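These are my notebook entries from a first reading of one structure.

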Amino acid sequence: MTLQVKSQRRWWVWIVGIVATIGVLFVIGSLLWLYFARINHEPTSGTTKSEEKATPYITKLSSNSLFTGNIYWGRYLNDWSRVSDLKTAYPFSRLKEFNRDSYQNWIAGLECPLAVGVNLTSAQEEDTLSFNCSPEYLPEAAKWFNIVTLANNHTDNQGVEAFTETQKHLDEHKIQYFGHYDPRALEDLCEVVSINAIATYSDNATKNVKLPVALCGYHGVFRIPTEEALAVMEKYSEIMPVIAMPHAGAEYKAEPDELKTNLYRSMIDHGADIVIGDHPHWIQSTEAYKGKLIVYSMGNFIFDQQFNKEVTRSATIRLLLGATGKAEDLVAWTALGEKCGSYHDTCLDEAKEKGLTKLDFSYKYDAIGSTNANRLTHPASVSEQREILQRLRWDQTMNRLEPPHAKL
């Protein structure tokens, strides 16, 4: 073989080697590029792009509720409604001025049984103080009130059967209720109810939910509730908020007497987080006891009494209830809340069986004056609001609240 041929073969070997090397480097480079591109642009651990964003979770719960004084549409209010073009909507026709949509709950004291076929005249009702409210008004009432207490001296005026009938009519119109005319009926004093609330999520989205709270009604007009009756609240207060709504005290007085003061303070001692009272038909003072709010009397909200300004005005109490805690606990409580809308449900037992613990609650308050002067309930004027706050001693009480209780 000549030197020239050997030289040509050597050059071909070099060329083939270079091309092969370039090909190998290209393949390796391409594989490396694909590998790092996948690392940089795709999620790890088998997730997809849609799963990269964390699932939103509940961060807090809140519920804006309005507690009102006595409501009653019998006697003369029934007469005025019958002659009005509005008929059964008449007693509620100015309530829209309170901006109902800004509240999740309206809670009141229903001061009458709801019995069909009771034919008392207004004069007879007034003479005997034996009340009744026609259930025909309930479709309108249910547009405003979703929870009522039955613990007062009038819900038994038409007998035990009428009391049971009252509960039946409230069930039919999806109005929750609690309390009993007899404070010795221990199993009926407190009820876990589902209040409407709003859940706020980590992405700032919101959702309507239900939150269980205990509402306890105490009728103390004819007999003082016993220590045993008050102690019923303790088993609820271990794991959820407790709001006591007593009906007691001397009527037509601007201040509670010592008997009433001691009773309402004792409710706080037995586990109530708030005490909101009625019965006197007048607004009475408030106080902070152990840093918690006691309202001794809100006065008449919807009522037919018109003989002076004391019986036509009332103080409604706004409560902004907040709750925080672990996301899984907030979910568990709202899931339970969906089951707590029925009377004598098992929500307290279920909460304990599930091992649920009390959330971190905050309580913020405001007082909003009302008047039913000229027969229809509507917001108080600026001057009336000022007088109502003075009667309540609102500023003094708010300044003495202690965390987690505070003024709005």
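**Entry: ground rules.** I am working from a predicted model, in which local features need pLDDT of at least 70 and side-chain atom pairs count only at pLDDT 80 or more, while totals for chains, interfaces and linings use all residues. Residues are numbered from 1 along each chain as its sequence is written, and side-chain values use heavy atoms, with hydrogens and water left out.

**Entry: the disulfides.** I looked for disulfides, each being a pair of cysteine sulfur atoms within 2.5 Å, and the count came to three. With the bonded cysteines counted along the chain, I wrote the pattern down as 1-2, 3-4, 5-6.

I began with Cys112 and Cys133, whose sulfur atoms are 2.0 Å apart. The torsion about this S-S bond is about -105°, so I noted the disulfide as left-handed. Cys112 sits in the loop between strand S2 (105–110) and helix H3 (122–128), and Cys133 in the loop between H3 and helix H4 (138–141), so the link ties together parts that are 21 residues apart in sequence.

I then turned to Cys190 and Cys216, which are joined with an S to S distance of 2.0 Å. Their link is right-handed, with 110° about the S-S bond. It connects distant parts of the chain, for Cys190 is in strand S5 (residues 190–201) and Cys216 in strand S6, 26 residues apart. Cys190 counts as buried at 2% relative accessibility, and Cys216 counts as buried at 0%.

The pair I had left was Cys340 and Cys347, again with 2.0 Å from S to S. The torsion is about -110°, so this disulfide is left-handed. Cys347, at 1% relative accessibility, is buried.

**Entry: two asparagines.** I wanted to see where Asn152 lies, and I found it in the loop between strand S3 (147–149) and helix H5 (160–172). Asn152 is buried, because its relative accessibility is 2%. I searched for polar contacts, meaning pairs of N or O atoms within 3.5 Å, where within protein one atom must be able to donate a hydrogen and the other to accept it, and where residues adjacent in sequence count only if both atoms are side-chain atoms. The side chain of Asn152 reaches the backbone oxygen of Leu110 at 2.8 Å and the backbone nitrogen of His154 at 2.9 Å. For contacts in general I required heavy atoms within 4.5 Å; leaving aside neighbours within four places in sequence, the partners of Asn152 include His180, Tyr181, His219 and His247.

Asn208, by contrast, is exposed, because its relative accessibility is 68%. I placed Asn208 in strand S6 (residues 206–219), and, not counting residues up to four places away in sequence, I found that Asn208 touches Ala197 and Ile198. From Asn208 to Ala197 the C-alpha distance is 6.0 Å, although the two are eleven residues apart in sequence.

**Entry: helix H8.** I checked the length of H8 (residues 258–269), whose twelve residues should span 16 Å at 1.5 Å a residue, and the end C-alpha atoms are 16 Å apart, which agrees; the expected span is 1.5 Å times one less than the number of residues. Asp257 caps the N-terminal end of H8, with a side-chain oxygen 3.3 Å from the backbone nitrogen of Leu259. Just after H8, I noted that Gly271 takes a positive phi of about 115°. Among the buried residues of H8 are Leu263, Tyr264, Met267 and Ile268.

**Entry: the cores.** I counted as a nonpolar core a set of buried Ala, Val, Leu, Ile, Met, Phe, Trp, Tyr and Cys residues joined through side-chain atoms within 4.5 Å. The largest has 72 residues, and Tyr218, Met233 and Met267 have the most contacts inside it. A second, separate core of 34 residues includes Ile71, Trp80, Tyr103 and Leu150.

Note on methods. Helix = DSSP H or I, 4+ residues; strand = E, 2+ residues; numbered from the N terminus. Buried < 20%, exposed > 50% of the residue type's maximum accessible area, 1.4 Å probe, protein only.
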